[in-house]
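Thank you all for making the time this morning.

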Amino acid sequence: MLRRNARLRREYLYRKNLEGKDREEYERKLKIRRALEEGKPIPTELRREEQALRHNIELEDDNTAVPRSHIDDEYAHAGERDPKVLITTSRDPSSRLTQFAKELKLVVPNAQRINRGGQIISELVNTCRSYDFTDIIIVHEHRGEPDGLVVCHLPYGPTAFFGVYNTVLRHDIGEKKKVGTISEAYPHLIVNQFSSKLGQRVGNILKYLFPAPKDDSKRVISYVNQSDYISFRHHTYEMPRGVKSVALTECGPRFELKIYQIRLGTLDQPHAENEWVLRAYTRSAKKAKLSEEVEEDVI
């Protein structure tokens with residue numbers, strides 16, 4: 001197993017090296033394409049390879065004109081089978097964190113919750129790989145209040161680290177008669193205001209925890225981004241008098257997420273490269289956002 005993981009890691013580094021070369025060639029072809037469109041002379045540094053690059057441009061179509069990243073491979077087959085998610089907590093959890101993990105298990109279809117016990121991260125990841133789990137969710141706390149959530153995609157990553165804020169559990173939302181029970185139907189997803197490259201990356205990490213729903217499902221889960229805080233809400237709806245009347249019922253739980261790190265690898269790889277890291281109080285003028293494109297994006 002260790003030698004296999006080392007081999008997969010070498011293959012990843014090799015693909016990453018090829019990706020850098022493809023990006024350089026794409027930039028050179030883009031300069032030639034812009035010069036031809038604007039009627040300007042070809043840049044001096046590209047005149048020797050102009051003929052070969054123009055030949056490659058003529059052979060390209062919409063799918064091959066833009067280079068594909070190795071990041072695309074991680075979720076390339078995400079829709080072919082339903083995800084299988086493991087949910088657990090940090091060690092020695094409080095009763096509130098345990099209840100939060102139980103409610104997450106009810107929210108995510110095909111999820112299984114286990115008690116962490118004395119398991120270390122490497123044992124947990126290897127066990128999930130052997131049982132074909134697609135994702136691991138680990139929730140953390142501070143003084144009895146949930147404050148962190150880690151989503152690790154298997155078998156190769158990525159791993160996303162979120163801060164958790166303003167957690168409201170189901171029994172805090174209202175009485176059981178008002179909140180009701182959580183349906184086992186696969187939910188429809190609303191992923192709103194994730195328009196930047198970073199936002200699309202975070203949206204993929206979150207939405208591929210859920211399988212594809214049926215059209216008649218009355219269950220809705222929404223991720224709404226506002227100022228880089230992602231609001232999670234869980235509702236069911238009824239239409240008592242047809243499509244013109246919709247009655248929403250919040251099922252809970254309710255919380256906010258804030259992404260602060262994306263790592264290219266799994267939790268058991270401490271030396272995996274960082275794809276993106278939130279750096280507070282630095283480059284505040286051009287910081288990558290979830291809902292708008294920035295020229296100097298970190299990703």
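A term first: a salt bridge here is a side-chain nitrogen of Lys or Arg within 4 Å of a carboxyl oxygen of Asp or Glu. With that in hand, you can look for Arg 96, Glu 145 and Asp 172, which are linked in a network of salt bridges. Please keep in mind throughout that what you see is a predicted model.

The chain has seven helices and 11 strands, and buried residues make up 41% of its 299 residues. Of the contacts with a separation of 6 or more, 64% are between residues 24 or more positions apart. The accessible surface comes to about 17900 Å², and carbon and sulfur atoms account for 48% of that area.

Now, back to the charged side chains. Side chains of opposite charge can pair when their charged atoms come close. How many salt bridges does the structure hold? The number is eight, and I will pick out a few. Arg 233 pairs with Glu 256, with 3.1 Å between the closest N and O atoms. Because Arg 233 sits in strand 8 (residues 229-238) and Glu 256 in strand 10 (residues 254-264), this pair ties together parts that are 23 residues apart in sequence. Arg 233 counts as partly exposed, at 22% relative accessibility, whereas Glu 256 is buried, with a relative accessible area of 10%. Arg 254 forms a salt bridge with Glu 250, where the closest N and O atoms are 2.9 Å apart, and Arg 254 is partly exposed at 25%. Lys 40 and Glu 38 form another, at 3.2 Å, and here both Lys 40 and Glu 38 are exposed.

Which side chain of opposite charge is nearest to Arg 116, a buried residue that has no salt bridge? That is Glu 123, but it is 7.9 Å away, and a salt bridge needs the nitrogen and the carboxyl oxygen within 4 Å. Arg 116 lies in the loop between strand 2 (111-113) and helix 4 (121-130), and its side chain reaches the backbone oxygen of Thr 89 at 3.2 Å. Among the residues that Arg 116 touches are Thr 88, Ser 90, Arg 91 and Ile 121.

Is Arg 219 buried or exposed? Arg 219 counts as buried because its relative accessibility is 2%, and buried means under 20%. Its side chain makes a polar contact with the side chain of His 234 at 2.9 Å, and also reaches the backbone oxygen of Val 107 at 2.6 Å.

Pro 187 is in the loop between helix 6 (176-179) and strand 6 (188-192), and is buried, with a relative accessible area of 1%. Besides Arg 219, Pro 187 touches residues including Pro 109, Phe 210, Pro 211 and Ile 221.

Finally, the surface. Met 239, Val 243, Val 246 and Leu 248 form a nonpolar patch there, with about 410 Å² of accessible area together. Leu 248, which is found in strand 9 (residues 247-250), is exposed, with a relative accessible area of 60%.

Technical notes
Residues numbered from 1 in each chain as written. Predicted model: local features only at pLDDT ≥ 70, side-chain atom pairs only at ≥ 80, totals over all residues. Heavy atoms only, no water. Patch = residues over 30% accessible without salt bridge, like charges linked within 9 Å, V, L, I, M, F, W, Y side chains within 5 Å. Areas by Shrake-Rupley, 256 points an atom, 1.4 Å probe, with all protein chains shown as cover. Helix = DSSP H or I, 4+ residues; strand = E, 2+ residues; numbered from the N terminus. Buried < 20%, exposed > 50% of the residue type's maximum accessible area, 1.4 Å probe, protein only. Contact = heavy atoms within 4.5 Å. Polar contact = N/O pair within 3.5 Å; in protein donor to acceptor, adjacent residues only side chain to side chain. Lys, Arg positive; Asp, Glu negative; His and termini not counted. Lists of a residue's contacts leave out its neighbours within four places in sequence.
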